[in-house]
Amino acid sequence: MEFSTEELDFFSNIFIAESNDSMVNESQHQLSVQTAVPDYVRQVLMGSKLTLLAEINHYQLWFPVSLSISEQGEFSPKLGTPEIIDVKGSERSWRVTTPKNVAIIDIFHGENVELLSLSATGLTLKVPTTDNNYIDLQQSSFEMSLAGEKPLKLELDLVRHEENVVAAKFKDLQEGRESLRKFIFNSHKVKYANLYQDIIL
């Protein structure tokens, strides 16, 4: 007994395992699932700077997200330390007022400087008064130590000053930016512990 070509095709299709890569629902729509990430998508995502926004009360927490790919080809996201923005009133980086465990030293004059406030973008200092009341941050050399860590060299741009109070922004803080963000984020969690009680970070 010989089988026709159509019969042979029928029998061969019966014994082929169905693919798990697709699922068909009752309305006959096909959903395909791929476990491997296409190269063009991988290149775009791995080279991108991604950010995750979380909102707590009137604070925005901007988490930097880095992606790595496992041996199985799956994305593995890693959250960095967030930048905290206070959106109540004018949007700006959240400031720690009179932070503890932070030391600012004016290396040029060899003295400690009183820190009034600190944010991820700048700080406010109380500097000794001078005869001419002129403050030149370019002629000063500041270092900041956060909670006893290795001191960070600061380059500051003057924003404003009134008498002996100076507000300045960080010019370049690439080396210590992560340490500063961690310090500010931990200070925010301590001060507003009630906002974080139901959040796992």
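Strand 14 (residues 156–162) and strand 15 run antiparallel and are joined by 6 bridges. Strands here are DSSP runs of E with at least two residues, helices are runs of H or I with at least four, and both are numbered from the N terminus. Two strands count as paired if DSSP finds at least two bridges between them. This is a predicted model, in which local features need pLDDT of at least 70 and side-chain atom pairs count only at pLDDT 80 or more, while totals for chains, interfaces and linings use all residues. Residues are numbered from 1 along each chain as its sequence is written, and side-chain values use heavy atoms, with hydrogens and water left out.

**Strand 15 and its partners**

Asp157 has Lys169 of strand 15 as its bridge partner. Strands 14 and 15 form a hairpin, with 2 residues between them. Glu163 sits in that turn. Its phi is positive, about 55°, although Glu163 is not a glycine. Most residues other than glycine have a negative phi. Glu163 is also exposed, because its relative accessible area is 62%; the cut-offs are under 20% for buried, over 50% for exposed and in between for partly exposed, with a 1.4 Å probe and protein chains only.

Strand 15 (residues 165–170) also pairs with strand 11 (residues 122–126). These two strands run antiparallel, with 5 bridges.

Strand 12 (residues 142–146) is largely enclosed by the rest of the structure, because 5 of its 5 residues are buried. Phe142, Met144 and Leu146 point one way from the strand. Glu143 and Ser145 point the other way, and they too are buried.

Strand 9 is antiparallel to strand 12, with 5 bridges between them. Ala103 stands opposite Ser145 of strand 12. Strand 13 (residues 152–154) is also antiparallel to strand 12, with 3 bridges. Here Met144 has Leu152 as its bridge partner. Strands 12 and 13 form a hairpin with 5 residues between the strands. Ala147 in this hairpin takes a positive phi near 50°.

Asn101 lies in the loop between strand 8 (96–97) and strand 9 (102–106). Its phi is positive too, near 60°. Asn101 counts as exposed, because its relative accessibility is 60%.

| Strand pair | Bridges | Example of facing residues |
|---|---|---|
| Strand 14 and strand 15 | 6 bridges | Asp157 and Lys169 |
| Strand 9 and strand 12 | 5 bridges | Ala103 and Ser145 |
| Strand 12 and strand 13 | 3 bridges | Met144 and Leu152 |

**Helix 3**

Helix 3 has 15 residues and should span 21 Å at 1.5 Å a residue; its end C-alpha atoms are 21 Å apart, which agrees. The expected span is 1.5 Å times one less than the number of residues. The buried residues of this helix are Leu180, Arg181, Phe183, Ile184, Phe185, Ser187 and His188.

His188 is buried, because its relative accessible area is 0%. Leaving out residues up to four places away in sequence, His188 touches Tyr59, Ile84, Trp94 and Tyr196. A contact means heavy atoms within 4.5 Å.

Arg181 also belongs to helix 3. With the same exclusion of residues up to four places away, Arg181 touches Pro64, Thr81, Pro82 and Glu83. The C-alpha atoms of Arg181 and Gly80 are separated by 9.5 Å, although the two residues are 101 residues apart along the chain.

**The cavity**

The structure holds 1 cavity of 30 Å³ or more. A cavity is a set of points, on a 1 Å grid over the protein atoms alone, where a 1.4 Å probe fits but cannot get out; lining residues have an atom within 4 Å of a point. The largest cavity holds about 40 Å³ of space. Its volume is the space filled by probe spheres set on the points, which are joined across faces, edges and corners.

Lining residues include Pro82, Trp94, Ser119, Arg181 and Ile184. Strand 6 (83–86) and helix 3 (177–191) each supply at least two residues of the lining.

**The whole chain**

The protein has 4 helices and 15 strands. Buried residues make up 30% of its 201 residues. Among contacts with a separation of 6 or more, 47% are between residues 24 or more positions apart.

Key
1 Å grid on protein atoms, 1.4 Å probe; cavity = no way out; pocket = protein on both sides within 12 Å on 5 of 7 lines; lining within 4 Å.
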